[in-house]
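Student: I have the sequence and the structure open. Can we go through the terms and what backs them up?

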Amino acid sequence: MKTTQQKDNPALQIKPKAPETTIWRHHHILDVDDFTPEEIELVFHTTKAMKEVLSRPIKRVPALRGKTLITLFYEPSTRTRLSFELAAKNLSADVANLSASVSSVAKGESLIDTLSTLQALGADIVVMRHPRSGAPYIATKYIEASIVNAGDGWHAHPTQALLDLYTIHEHKKSLKGLKAVIIGDIMHSRVARSNIWGLTTMGIAVTLCCPPTLLPVGLNEEPHQLPQVNVEPNIELALDRADIVMTLRLQLERQQSGLLPSIREYIQLYQLTEARLARAKPDALVFHPGPINEGIEISPAVAHGPQSVINEQVTNGVAVRMALLYLLAGSQKQ
Amino acid sequence: MKPLLIQGGRIIDPSQGIDVSGSLLIADGKILWLGKGEAAPPQPDYDVLNAQGLVACPGFIDLHCHLRQPGDEEKETIATGTRAAARGGFTTICCMPNTNPPLDNQTAVEFIKSKSALEGVVRVLPIGCISKGRKGEELAEMGELASAGVIAFSDDGEPTTNSRLMRQALDYSRAFDLPVIDHCEDKALTEDGQMNEGVISTKLGLRGISDAAEEIMVARDLALAQLTGSRLHIAHVTTEGSVELIRRAKEKGIKVTAEVTPHHLTLTEEKVIGYDTNAKVNPPLRTKKDIKALIQGLNDNTIDIIATDHAPHTEADKLCEFDLAQFGISVFETALGSLMSLVPDGEINLTTLITKLTQEPARIIGNKYGGLGTLAIGASADVTIFDPDLEWVVDTKDFASKGRNTPLAGERLKGKVIATIFQGNLAYKDDSIKVKVK
């Protein structure tokens, strides 16, 4: 009875309705490499509806009522985990959190055993972050619940890429033909990998800018395995007439492992400063997935400047994740 | 035991240049008679194994496998490993010394020999360590190992990083005319590497293992082999560059032999997509370009032999995150089926394939154990009988090996071992075939 009432109550409905033409076929969200432009448009469309929900005085709809979402984090995280938790609660899901450090994982339980336990506990959706590339792919073989990849090793961070795309979508009339530059530690970055897929899928040209020691190998060799990108190690040249500038967090241990001579030199060569940003288009947007090393990969003036959309990224993160959870729930067997 | 007639098959023995249809009579563990066409055997009393439509050839010899005993019996034992070998058509297998404790002393080698005599179903020839404890610090007592019966020296899995020690090993081994086998890997370059370095490792976000890491050590070893004039054997060659280096070394007369595995000849790095830990192997699966060079290397004899690098692991060793999974593939029982995929398209002909599994590894082992890899009259009756056309699906539940770790599970292969005869006894027989007792 309750359900019917909710259905009839316009305040509890999500608007606008998704386009009928695009069918959502993902049971898991592992990466954006298997998303079509139409599916990404569907995510945009659904996110817009979720933003409308978030603008209400009571930011809650019953879309995931009765569903259990568990976050399983093997790595520390502030914004991603919180963002997922809020997104799930806004959709009325039951949420439980499992941290590797406090759980039996610390006692040596294997990933597969942990997943079996979550399965037995009745999880419908598992949001998973893991330091090893591919861990969520392995998880899908042992659990029926939907797996949402919240970051795996160097490999992928699909919800970050989708929230970045959505943020671009909010600012730009059309995505096709834009120029994006990703600056920083591309080799070890799951954010960069997923963004390369997401941006190129939407017709945005991608330039990678980093010291060659931080550039992954095999780029532009097999377009069916990895999208075509431009590589420009000189930051001034890379930024030329860019529409989108994405900076990445520099893990300070990269210097210890010999990939950089010093952090000082990295700052000199690769920090996004106001002077350098001036080479991009005047309306260029500046991104950072956080957490920021202010004064290393990005100057404080740029991070907090008028072109920065770093806070919007965080806000949109909740809406995009609501959209994705909503779409996933719709794909699950009732 | 009654003599056994292998009747009416295609008999291929590269060691004698034979490829005929005919019959083979074995008695008292030896090859007694080989008759062409319908020729009748010289004596009337024998059992019959009908080999119509099948190929009979010398038993396969594997110069590189891991039997895991002593120390890792949950992965494999001499009992299970030799049965798996027999199912794959191998009658002689050479086990690597990376056991626990390692085969760096006479006692450990004697253990392998006595255990295989008691529990094995095919011939097991041990390989001894280069260095004490496989630590790469000081030479193992290679002379004593040689007299205990090892057929080569290797610290397999641990490349001999110290070039001086490698030189000493090559020099010292010359006294026993045994080869030194090196697993070529520059560990500083491959640290934490998970798969071939290239577009797929970038796509998957896994740390790569570059071609250069192998080729640097191949080049160093070849230089040391030239310097010492000793016998060097390069284990599991996987890159185009290594093939070129070995080809050039052979042209210069350096005493080098080399092996390639069935998986490096038939599978590419794309097998890793989806993070299949059963495709995680060291050296890693490479690219189509490398496969082409490896096949060419086999055909022009740059690469002398095919060896399995059979590396069984438990389910738990592979049922985990890709980075944490053990390296290695269980190969014995799929080797022939994989390799036969190269025959129909003419990438390698059947006789060459058999040569690389029989005559050539026998040449590297030498005569210490009698004439191996041949069907010559009087030789040990080690015979492999296979159906080159039989299609089958790899079901790891059927494996005799404890290691079910293969990326070929569920795949259809063409070419299957039907019977394996070791010293005149049936070490393995497919259910489809019956020996007719006369």
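**What the labels rest on**

Student: What share of chain A is made up of buried residues?
Tutor: Buried residues account for 46% of the 334 residues in chain A. A residue is buried if 20 or more other C-beta atoms lie within 10 Å of its own, exposed if 12 or fewer, and partly exposed in between, with C-beta atoms placed from the backbone. Keep in mind that this is a predicted model: local features need pLDDT of at least 70, side-chain atom pairs count only at pLDDT 80 or more, and totals for chains, interfaces and linings use all residues. Residues are numbered from 1 along each chain as its sequence is written, while chains are lettered from A and ligands numbered from 1 in the order in which they are written.

Student: Why is B:Glu138 called exposed?
Tutor: B:Glu138 has 12 C-beta neighbours inside 10 Å, so it counts as exposed. You'll find B:Glu138 in the loop between β8 (123-126) and α3 (142-148) of chain B; helices (H or I, at least four residues) and strands (E, at least two) are DSSP runs, numbered from the N terminus.

Student: What does B:Glu138 touch, not counting residues up to four places away in sequence?
Tutor: B:Ser131 and B:Lys132. Being in contact takes C-beta atoms, placed from the backbone, within 7 Å.

Student: How do you know that chain A agrees with a compact globule?
Tutor: With 334 residues, such a globule would have a radius of gyration near 20 Å, and chain A has 20 Å, so the two agree. The radius is taken over C-alpha atoms, and the rule is 2.2 Å times the number of residues to the power 0.38.

Student: What makes up the largest nonpolar core?
Tutor: It has 231 residues, and A:Ile182, A:Val245, A:Leu325 and B:Phe153 touch the most other members. Such a core is a set of buried Ala, Val, Leu, Ile, Met, Phe, Trp, Tyr and Cys residues joined through C-beta atoms within 7 Å. Helix α13 (residues 310-331) of chain A gives the most to this core, eleven residues. Leaving aside neighbours within four places in sequence, A:Leu325 is in contact with A:Leu64, A:Ala87, A:Ala88, A:Leu91 and A:Ile125.

Student: How many residues of chain A are in contact with chain B?
Tutor: 23 residues of chain A, meeting 18 residues of chain B. On the chain A side, α5(A) supplies the largest share, three residues.

Key
Contact = placed C-beta atoms within 7 Å.
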